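Good morning, colleagues. I would ask you to keep the sequence and the structure in view while I speak.

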Amino acid sequence: MKYMLLMQFSEKNVDFPKLDEWKPEEIQAHIQFMKETNAGLAAAGELVDAQGLAMPETARIVRSHSGGAPVVTEGPFPEAKEWVAGWWIVDCDTEQRAIEIAAAVSAAPGPGGRQLDMPIEVRQVMAAPPAEL
């Protein structure tokens, strides 16, 4: 089964400084942790994809406009209380294994080497629509 692990942040659930306040060596340690995690998942045959996203200030909201050009709104979006920082898609045998992977990712190092305990949302990727539809 495939699962999507979403790394989400909000001002409510983050008790560490913003990334632009981290020391360069702290950022490098964090990136190295992610690379090693991804390499381990790939070696186990569980990694489908993993990507980090640019900061929310770079986001664009695009909405179609009846018969006209789409409407594009540039960030930042102060009303947005949460944002997705990155994701993994893993292919593993059980939901419990997906949860184990999410817990490992949650422990990525941050400032001072302290583990971040980031919230990671785990959701199964549907292979088909539910039977009742």
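Let me begin with a question: where is the place of Met55? In this predicted model, Met55 lies in the loop between β2 (47-52) and β3 (60-65). Is Met55 buried, exposed or partly exposed? Its relative accessible area is 39%, so Met55 counts as partly exposed. Met55 and Pro109 stand 54 residues apart in sequence, and their C-alpha atoms are 19 Å apart in space.

I turn now to α1. This helix has 20 residues and reaches 28 Å from its first C-alpha to its last, close to the 28 Å expected at 1.5 Å a residue. Its buried residues are Glu26, His30, Met34, Thr37, Asn38 and Leu41. They cover an arc of only 110 degrees around the axis, which means that they sit on the same side of α1. In general, an α-helix has 3.6 residues a turn, so residues three or four places apart point the same way. β1, β2, β5 and α2 are among the elements that cover the buried residues of α1. The face turned away from that buried side carries the exposed residues Pro24, Glu25, Gln28, Lys35, Glu36 and Ala43. Just after α1, Gly45 takes a positive phi of about 75 degrees.

Finally, the core. The largest nonpolar core has 21 residues, of which Leu5, Met7, Met34, Trp88, Val90, Met118 and Ile120 touch the most other members. At least two residues of this core come from each of β1 (2-10), α1 (24-43), β5 (82-91) and α2 (95-106). Leaving aside residues up to four places away in sequence, Val90 touches Met1, Lys2, Tyr3, Leu5, Leu41, Glu46, Val48 and Ile101.

Definitions and conventions. Residues numbered from 1 in each chain as written. Predicted model: local features only at pLDDT ≥ 70, side-chain atom pairs only at ≥ 80, totals over all residues. Heavy atoms only, no water. Core = buried A, V, L, I, M, F, W, Y, C linked by side-chain atoms within 4.5 Å. Buried < 20%, exposed > 50% of the residue type's maximum accessible area, 1.4 Å probe, protein only. Helix = DSSP H or I, 4+ residues; strand = E, 2+ residues; numbered from the N terminus. Contact = heavy atoms within 4.5 Å. Expected span 1.5 Å × (residues − 1). Arc of directions from axis to C-beta.
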